[in-house]
Amino acid sequence: MTRRLVKIFGTFGAIALVAVAAPASVSFAATEGMPATAAPAAARAGHVSAGTVSGDTVSAGTVPGGSVSAGGAPAGAPRVPPELAPPPGHVVNSVLKARGVQIYGCTAGAWTLIEPAASLTGMRLRPQKKVTALHYRGPTWQSDQDGSLVEGDGASAVRAPSAHPDSIPQLRITAKATRGAGVFGEVTYIQRLDTVGGIAPAGSCSGSATTAVPYRAVYRFFVAKS
């Protein structure tokens, strides 16, 4: 594991400097504790077989740091609750793993979410390319490679319980604004899956206390099918 300081840009120009642990390389092996569907032999060997992702073709090749199944999704990808599926006509464009924190502040004696702060590493499927990004208040995801950005409508997010105990819920979030022509420029929906940790501390709080709770998750970003 390598540690790196990630500068997280919040709303109103506020800047929080957060130390997060990020894997030196991304792996698309099944995440801990989640059931996985067996991948074809070629995928287990780290190769992409020609196939489709919700109707789109993935060309053959090798995925750095992991494998992709014949269906084009990362091998051993977490199961998706049916209620978190996007409407027909939207396909997965990128899949990233996140490690970071959920930051809470004390409001009237109770812990209230302020913002996430996370580092993401994963793969864009069309075209195939390793990508990295930051996740912060909004909720917003921003590429630190091409500057593209997507902001989600957190208030309308669809929720489903995590398969892991004492963890923040899984989500389907509708994109409400995008910027740029890069990896996030045309995102329509975001899924937060396989969440581990991140829940607010138990009990009450006092004053203006803040705390950061580690979490990890898998994010899938969708675009409209062309």
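Start with the largest pocket: strands β7, β8 and β13 each give at least two residues to its lining. Keep in mind as you click that this is a predicted model.

**Stop 1: the largest pocket**

Colour β8, because that strand supplies the largest share of the lining, four residues. How much space lies in the largest pocket? About 420 Å³. There are 24 lining residues, and those closest to the pocket's centre are Leu113, Pro139, Gly154, Leu171 and Arg192. Select those five and centre your view on them.

Now try colouring the lining by class. You'll get 13 nonpolar residues, five polar and six charged.

**Stop 2**

Is glutamate 115 buried or exposed? Its relative accessible area is 10%, so glutamate 115 is buried; the cut-off for buried is under 20%. Next, show the side chain of arginine 137 as well. A polar contact of 3.3 Å joins the side chains of glutamate 115 and arginine 137.

**Stop 3**

Next, go to β7, one of the strands from the pocket lining.

In case the word is new to you, a disulfide is a covalent bond between the sulfur atoms of two cysteines. How many disulfides are there here? The count is one. Cysteine 106 has 13% relative accessibility and counts as buried. Cysteine 205 is buried too, at 13%.

**Stop 2: the aromatic rings**

Last stop! A search of the whole structure turns up four aromatic pairs. A pair of aromatic rings is described by the distance of the centres and the angle of the planes.

Begin with tryptophan 141 and phenylalanine 221. Their ring centres are 5.9 Å apart and their planes meet at 80 degrees, so this pair is edge-to-face. Tryptophan 141 belongs to strand β10 (residues 140-143) and phenylalanine 221 to strand β15, so you're looking at a pair that links distant parts of the chain, 80 residues apart. Tryptophan 141 is buried at 0% relative accessible area, and phenylalanine 221 is buried at 0% as well.

The rings of phenylalanine 184 and phenylalanine 221 have centres 4.8 Å apart and planes at 45 degrees, so the pair is tilted. Phenylalanine 184 lies in the loop between β13 (170-179) and β14, so its pairing with phenylalanine 221 in β15 ties together parts 37 residues apart in sequence. At 1% relative accessibility, phenylalanine 184 is buried.

To finish, select Trp141, Phe184, Tyr219 and Phe221 together: these residues form one aromatic cluster.

Conventions
Residues are numbered from 1 along each chain as its sequence is written. This is a predicted model: local features need pLDDT of at least 70, side-chain atom pairs count only at pLDDT 80 or more; totals for chains, interfaces and linings use all residues. Side-chain values use heavy atoms; hydrogens and water are left out. A disulfide is a pair of cysteine sulfur atoms within 2.5 Å. Buried means under 20% relative accessible area, exposed over 50%, partly exposed in between (1.4 Å probe, protein chains only). Rings of Phe, Tyr and Trp (its six-membered ring) pair if their centres lie within 6.5 Å; planes under 30 degrees apart count as stacked, over 60 as edge-to-face and the rest as tilted. A polar contact is a pair of N or O atoms within 3.5 Å; within protein, one must be able to donate a hydrogen and the other to accept it, and residues adjacent in sequence count only if both atoms are side-chain atoms. On a 1 Å grid over the protein atoms alone, a cavity is a set of points where a 1.4 Å probe fits but cannot get out, and a pocket is an open set with protein on both sides within 12 Å along at least five of seven lines; lining residues have an atom within 4 Å of a point. Grid points are joined across faces, edges and corners, and a volume is the space filled by probe spheres set on the points. Ala, Val, Leu, Ile, Met, Phe, Trp, Tyr, Cys and Pro count as nonpolar, Asp, Glu, Lys and Arg as charged, and the others, Gly among them, as polar.
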